[in-house]
Amino acid sequence: HRDRFDEAWKIYDQWIGKPPARDYDWQNAVHVPITFEAEQTITPRIFGALFPDDAPLDVKVEGDVAATEGIPIKHTIQHYFRLSNVQGAAMSALTQNTLFGTSYIEASWLVQRQWMQDNMTQEQYLALVANRPDCKHVSFFEIYPHPAKIDVTDPLPLVRRRFADAEYLKSLMDNPRFDTKSLQEALQTQSVVFEQSQLQGADGKAMQLEKKDSYEILEYWGPWDESYTQNGKVVTRKAIPYWIIVINRKVKIRGIRNPYNHQRAPFCKLRFFRDSKPSWFGIGIGKIGKPTQERLNKLVNQRLDNVDLVLNKQGVYNGNDPLINVRKLQFSKPGQWHKVSDVNASLKWMEMPDVTGSSYNEETLAKQDFREATGATQVLMPAEGAQHRTYSGLNLLQSNAGLRFGPILRMLELELIQDLSTMYLSMLQQFMSQPEWIKVVNEDGSESQIQIFPEDIQARVYFIPTGVSEL
């Protein structure tokens with residue numbers, strides 16, 4: 001996937017406004033931020049359509065059970081959507097999805113302990129403060145699927161690659177599910193690759209961590225052959241779903257069967273435009289608009305170069321004229337006089353054609369081409385005054401310019417809202433062992449607390465996203 005990731009980094013550079021490379025120092029290197037403008041036009045509209053509220057879902061009970069069985073499940077999933085800030089993770093994922101065409105959200109079970117103090121005895125104790133489903137955005141650049149893998153639920157493997165410091169590995173030692181000896185061994189290794197730190201020092205620049213302070217973490221989710229001895233014979237079970245974690249490609253700190261009942265990699269994969277041939281990856285506006293972005297930068301910089309050349313004309317001079325001060329010819333300023341032997345023949349301007357008029361027309365056409373190709377047309381751009389998110393989403397679907405986003409929005413509802421809800425319910429049915437108090441938002445906007453027992457959420461249900469596409 002190197003070529004795809006290299007192209008994505010170039011698209012990212014265009015999004016953040018990295019100046020284009022030029023051949024000479026005197027040439028202008030201005031970046032026109034139309035890629036950023038287009039992404040920030042489309043992403044908020046998509047977000048508003050997906051999330052008319054903070055937990056846009058309903059449930060339909062499957063099988064021969066009462067419809068009321070789905071009510072506690074709906075309230076429970078909505079509660080954990082709010083508690084795990086699904087909207088926050090989704091906003092980051094949707095930005096990368098619009099730009100690169102593919103993005104990811106991890107759905108995991110969060111177990112968090114914290115030292116507390118007893119008010120009566122003043123003694124410290126380790127308390128369980130979180131035991132619930134959670135979600136986080138995963139960078140596009142961290143997921144490496146098998147070349148033949150198409151869908152996140154198929155049996156082919158994928159690898160997540162990320163970097164951490166020594167403190168993260170040390171924190172895992174408090175987790176009884178990790179082998180302390182393996183972690184200590186991993187801390188002594190050095191990464192075979194290096195990635196610049198995202199941390200900033202007091203000077204505002206990226207901190208240069210030593211190579212030994214950066215640890216590469218590879219997480220493998222996929223089939224693995226499992227061998228064990230039974231009655232003196234080695235028995236092999238093939239293609240068992242496994243979860244393996246390796247540090248610096250040298251030390252395995254975990255290798256167990258997939259701990260989740262759903263038996264899949266715990267990621268939601270979002271895609272923007274679908275590729276016309278089957279592919280794991282989608283296509284974003286960055287790829288579609290990249291040639292036009294480069295064309296636009298070229299037009300603007302050529303026009304600015306032309307203005308510089310017109311205002312600071314080049315010229316020719318008689319090299320045999322002893323009165324000419326060559327050094328003064330290199331600078332242009334008002335009121336400057338030049339001593340010459342012949343005012344008609346010693347100095348002459350080189351005429352430079354002014355192309356700024358046609359360049360402005362070409363720039364306008366290039367911007368129009370970009371917006372029509374990506375869908376970020378003038379109709380979708382924010383109007384003056386605040387808009388309710390539901391209105392913003394309806395505007396996306398009902399405008400002629402936004403008709404192409406209807407299928408994209410519907411698929412995002414299935415890939416994010418429905419898929420995440422399904423994984424949340426599966427994890428709750430597997431790991432929830434004690435009654436939990438959850439917050440319910442009533443139809444009138446008021447809030448109330450209800451207690452949910454594990455047996456209340458065992459029904460089989462089908463999740464229905466209630467975003468704008470359902471209106």
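**Rings, charges and the core**

Modeller: Let's begin with Lys 269, which lies over the face of Trp 280, 4.1 Å from the ring centre. A charge counts as over a ring if NZ of Lys or CZ of Arg is within 6 Å of the ring centre and within 35 degrees of the ring normal. Arg 303 also lies over a ring face, that of Tyr 360, at 3.9 Å from the ring centre.

Biologist: What should I know about the model and its numbering?

Modeller: This model is predicted: local features need pLDDT of at least 70, side-chain atom pairs count only at pLDDT 80 or more, and totals for chains, interfaces and linings use all residues. Residues are numbered from 1 along each chain as its sequence is written, and side-chain values use heavy atoms, leaving out hydrogens and water.

Biologist: How many aromatic pairs does a search of the whole structure find?

Modeller: Rings of Phe, Tyr and Trp (its six-membered ring) pair if their centres lie within 6.5 Å; planes under 30 degrees apart are stacked, over 60 edge-to-face, the rest tilted. Here the search finds 21 pairs. In one, Phe 5 and Phe 141 are tilted, 6.1 Å centre to centre with 55 degrees between the planes.

Biologist: Which residues does Ile 253 touch?

Modeller: Contact means heavy atoms within 4.5 Å. Not counting residues up to four places away in sequence, Ile 253 touches several residues, including Leu 172, Phe 178 and Ile 245.
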